[in-house]
Amino acid sequence: MTHRVTTSGRLVDVVKQHLAVVAIDRIGLLIAEGAITIDGRVGKINDLVAVGAELSATALGELLVPEDVPVVVQFEDDDLVIVDKPAAMHVHPLGEYRRGTLLNALLWHAGARPDQPWAAWRPRPAHRLDRGASGLIAIAKHAAVHDRLRAQLEDHSMHRRYRATVHGRVAGEGGTIEQPLGRDPTNDYRRAIVVGGQPAITHYQVVERTPTHTVVELELVTGRTHQIRAHLASMGHPIVGDVLYGAALGTTDTIELRAIELQLNHRDRRLCCTA
């Protein structure tokens, strides 16, 4: 399990970037245990690694397995990839879902293989997208890019638009839901409107109506866990298929929520993707 280095730097930084099948918080321990060698000698965390050096890794423990799962790419360059995640796919391995996640697929896309764990880059999702939802998600290829994307989330310069089909006829043509969210005291996995919760703001606009359902487009000002799902449910209009938040029928696999537009600042320009 070797890797020919194409960029120089401290061993710990090179390994964190390219041994992407191992959790970042384990890298320092692996190096300290002597599991990483440079041109055949045991490496130290702050050793400088030159271009062309050969890194080897042994006894890595539990790995995130690269899988040949198709990835729909909307944009990609040396720093960033924006993909269209299908519904029923976790972004990260979680609990029993260790395989078939977006990160498994992205590791393969980045060049890692089950018998060759080194990748060209480490996938770093910049924001959330629930398992049951589909649509656009930004993946940074480097830590610095990830930090810049997270900063855009914090200062609200990253624009995200969603489309959802909800039960019932939403009154009016649009509005803003500004209700604090926290853990539901009756269900630790759900979020609910709670006094003292985190501020959460969602704008919505009605785009289509049927006798029994309403299609709305939504923009997030904040990005709390399950924000859209909890806010719509609080209006009495749960998303179709979202049994966790009160839909009459559905599964835990898919809900009628899709991330349809993503705008962000990248390389001195405004990047916009739609799906």
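A residue counts as exposed when its relative accessible area is over 50%, as buried when that area is under 20%, and as partly exposed in between. On this scale Asp 39, with a relative accessible area of 53%, is exposed. The model described here is a predicted one.

## Overall architecture

The protein chain contains 5 helices and 18 strands. Its C-alpha trace spans about 70 × 40 × 35 Å along the principal axes. Of its 275 residues, 47% count as buried. Among contacts with a separation of 6 or more, 64% are made by residues 24 or more positions apart.

Helix α2 covers residues 24–32, and its buried residues are Ile 27, Leu 30 and Ile 31. These residues lie on the same side of α2, because they cover an arc of only 90° around the axis. An α-helix has 3.6 residues a turn, so residues three or four places apart point the same way. The other side of α2 carries Asp 25 and Ala 32, which are exposed. The packing partners of the buried residues of α2 are α1 (11–18) and β3 (36–38).

Just after α2, Gly 34 adopts a positive phi of about 80°. A positive phi, of about 50°, is also found at Asp 39, although Asp 39 is not a glycine. Asp 39 belongs to the loop between β3 and β4 (41–42).

The buried residues of α4 are Val 145, Leu 149, Gln 152 and Leu 153. They are placed on the same side of α4, because the arc that they cover around the axis is only 105°. On the other side of α4, Asp 147 and Glu 154 are exposed. The cover over the buried residues of α4 includes the strands β8 (80–85), β10 (134–140), β11, β17 (257–266) and β18 (269–274).

Beyond the end of the helix, His 156 is placed in the loop between α4 and β11. His 156 has a positive phi of about 65° and is not a glycine. Its relative accessibility of 48% makes His 156 partly exposed.

Ser 134 is part of strand β10 and is buried, with a relative accessible area of 11%. Setting aside residues up to four places away in sequence, Ser 134 touches Lys 85, Pro 86, Ala 87, Leu 129, Leu 257, Arg 258 and Ala 259.

Gln 198 sits in the loop between β14 (187–193) and β15 (201–209). With 45% relative accessibility, Gln 198 counts as partly exposed. Apart from its neighbours within four places in sequence, Gln 198 is in contact with Gln 179, Pro 180, Leu 181 and Arg 224.

His 92 is located in the loop between β8 and α3 (102–109). A relative accessible area of 42% makes His 92 partly exposed.

| Residue pair | Separation in sequence | C-alpha to C-alpha distance |
|---|---|---|
| Ser 134 and Thr 101 | 33 residues | 13 Å |
| Gln 198 and Pro 180 | 18 residues | 5.0 Å |
| His 92 and Arg 131 | 39 residues | 9.3 Å |

## The largest pocket

The largest pocket holds about 510 Å³ of space. Its lining consists of 24 residues, of which Arg 128, Arg 160, Thr 222, Gly 223 and Arg 224 lie nearest the centre of the pocket. The elements that contribute two or more residues to this lining are α4 (143–154), β11 (159–167) and α5 (227–234). By residue class, the lining divides into 9 nonpolar, 8 polar and 7 charged residues.

Helix α4, whose buried residues include Val 145 and Leu 149, is one of the elements that give two or more residues to the lining. Arg 224, with which Gln 198 is in contact, is among the residues nearest the centre of the pocket.

Key:
Residues numbered from 1 in each chain as written. Predicted model: local features only at pLDDT ≥ 70, side-chain atom pairs only at ≥ 80, totals over all residues. Heavy atoms only, no water. 1 Å grid on protein atoms, 1.4 Å probe; cavity = no way out; pocket = protein on both sides within 12 Å on 5 of 7 lines; lining within 4 Å. Points joined across faces, edges and corners; volume = space filled by probe spheres on them. Helix = DSSP H or I, 4+ residues; strand = E, 2+ residues; numbered from the N terminus. Nonpolar A, V, L, I, M, F, W, Y, C, P; charged D, E, K, R; others polar. Buried < 20%, exposed > 50% of the residue type's maximum accessible area, 1.4 Å probe, protein only. Arc of directions from axis to C-beta. Contact = heavy atoms within 4.5 Å.
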